[in-house]
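Dear colleague,

Please find the structure below, together with its sequence.

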Amino acid sequence: AMGAVGIRVPAAGWAPAGYSESSASSAARGCQGYTYSQAMHTPQFFLLWTAVYGNACSGMAILSTAKTLCADVFSAMAPALVTGTFTASYVAALSSANAVGRF
């Protein structure tokens, strides 16, 4: 979302210096409309679905083991700091960041 803040729509008719539109580029720019059933049978749909599914599964795996991971990784470096409250706070912060990232 933050990356989209700087994106602006150029003025009508604007083109970069030296740009000339060829017939091939204008034909490639045309978009063929797909129905839902047609779109679901394209390789792009399955690749995108696999990426989203993998991301969701890995996120849930990290969230479900975050307390144990935090305790195992940081307890050797700072045993006095890593308590049950610290690891629970870490999981809460991780979950909050996950929720904020969805907006």
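**Aromatic pairs, a helix contact and cysteines**

F45 has a relative accessible area of 31% and is therefore partly exposed (buried means under 20% relative accessible area, exposed over 50%, partly exposed in between, with a 1.4 Å probe and protein chains only). F46, at 46%, is partly exposed as well.

Please note that this is a predicted model, in which local features need pLDDT of at least 70 and side-chain atom pairs count only at pLDDT 80 or more, while totals for chains, interfaces and linings use all residues. Residues are numbered from 1 along each chain as its sequence is written, and side-chain values use heavy atoms, leaving out hydrogens and water.

There are 2 aromatic pairs (rings of Phe, Tyr and Trp, the last by its six-membered ring, with centres within 6.5 Å; planes under 30 degrees apart are stacked, over 60 edge-to-face, the rest tilted). F45 and F46 make an edge-to-face pair, with 5.5 Å between centres and 80° between planes. W49 and Y53 are stacked, because their ring centres are 5.2 Å apart and their planes lie at 5°. W49 itself is partly exposed, at 48% relative accessibility.

L94 lies in helix α4, residues 84-100 (helices are DSSP runs of H or I, at least four residues, and strands are runs of E, at least two, numbered from the N terminus). Beyond its neighbours within four places in sequence, L94 contacts I62, L63 and A66 (heavy atoms within 4.5 Å).

The structure holds 0 disulfides (pairs of cysteine sulfur atoms within 2.5 Å). C70 is buried at 2% relative accessibility, whereas C57 is partly exposed at 36%.

With kind regards
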